[in-house]
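Biologist: Can you take me through this one? I have some questions about it.

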Amino acid sequence: MFQNLTVFKTAYAMAVHAGQRQAIIAQNVANADTPGFVSRDLPSFQEIYSSRMGDQTMLRATRVGHVNGSPTSSIDGLAQEDRSFAAPDGNTVSLETEMVRATDAKRQHERSLAIYKSAMNVLRSSLGRQ
Amino acid sequence: MSDFSKALGVSASGLQAQATRLRHLSENISNADTPGYRRKTVPFRTEFDAGTDVSKVEVGRVSLDDGELERIFDPSHPMADETGYFEGSNVNLLIELADAREAQRSYEANLKMFEQARQMSSGLLQLLRR
């Protein structure tokens, strides 16, 4: 009964997504002055999550590798290039946009951890340990 | 390799690249009055690490600016030729200062990404505490 709790899996997938997004944003920021570098970003967690909601029998995950594959496999499959801002040297990183995205990722991560923690507290209370 | 260590590694490479850039800028500024000095420029390029699957930033070979050296009229100068001119440096302080400010801005952005990835992973570890 306690082995497959959806709330933990969802919170876990959300935290993993936030971490991956943070890694991609860090790459963008580090390459903010590299000529010809194209900025990349992951689609939002809600988008990925709802696109997999149709198949209820499958474990919901932000990508296939989360459930069965290794959690360290490539994230390049989902990342999308963003060419909305282009400098004359072909670099499309806008530091301001990246800062907003990074804040988003951090808030999402904190939210998922808060959900995870609160669900843990529920479990702990049911065990009678405070 | 987790996403957080990826993010930390990428941010560290960005910090290092910007610091190297700032070092060469200060070399240029301090040699602004050295006769015959050509300003140094550092190219940035993306280095894709296939093992960890991240695009780190790397500083390429330092190259010298081929711009024309400033000709200064001072017949009493030891290096002056028969017409009374000698060649100064081709450093434009305004350009160097603007570049230094940009390097500082990018450095701060990388530092912020580093700090944020650190906060996110320490938030994750907080889950283990009661």
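Biologist: Is A:Tyr116 buried, exposed or partly exposed, and what is its relative accessible area?

Modeller: A:Tyr116 is partly exposed, at 26% relative accessible area. Buried means under 20%, exposed over 50%, and partly exposed in between, with a 1.4 Å probe and protein chains only. This is a predicted model, where local features need pLDDT of at least 70, side-chain atom pairs count only at pLDDT 80 or more, and totals for chains, interfaces and linings use all residues. Residues are numbered from 1 along each chain as its sequence is written, chains are lettered from A and ligands numbered from 1 in the order in which they are written, and side-chain values use heavy atoms, with hydrogens and water left out.

Biologist: Which residue forms an aromatic pair with A:Tyr116?

Modeller: A:Phe8, in an edge-to-face pair with 4.8 Å centre to centre and 65° between the planes. Rings of Phe, Tyr and Trp (its six-membered ring) pair if their centres lie within 6.5 Å; planes under 30 degrees apart are stacked, over 60 edge-to-face, the rest tilted. A:Phe8 counts as buried, at 14% relative accessibility.

Biologist: Which parts does the pair tie together?

Modeller: A:Phe8 is in helix 1 (residues 6-30) of chain A and A:Tyr116 in helix 3 of chain A, so the pair links parts 108 residues apart in sequence. Helices (H or I, at least four residues) and strands (E, at least two) are DSSP runs, numbered from the N terminus.

Biologist: What pattern does chain A follow?

Modeller: Along the sequence, α-β-α-β-α, with three helices and two strands. Of its 130 residues, 45% count as buried.

Biologist: Next topic. Where is A:Asn91?

Modeller: In the loop between strand 2 (80-82) and helix 3 of chain A. A:Asn91 is buried, with a relative accessible area of 3%.

Biologist: Which backbone oxygens lie by its side chain?

Modeller: A polar atom of the A:Asn91 side chain lies 2.6 Å from the backbone oxygen of A:Thr34, and the backbone oxygen of A:Asn31 lies 3.0 Å from a polar atom of that side chain.

Biologist: And the pocket: how much space lies in the largest pocket?

Modeller: About 490 Å³. A pocket is an open set of points on a 1 Å grid over the protein atoms alone, where a 1.4 Å probe fits, with protein on both sides within 12 Å along at least five of seven lines; lining residues have an atom within 4 Å of a point. The largest pocket is lined by 25 residues, and those closest to its centre are A:Asp33, A:Asp89, B:Arg21, B:Asp99 and B:Glu102.

Conventions. Grid points are joined across faces, edges and corners, and a volume is the space filled by probe spheres set on the points. A polar contact is a pair of N or O atoms within 3.5 Å; within protein, one must be able to donate a hydrogen and the other to accept it, and residues adjacent in sequence count only if both atoms are side-chain atoms.
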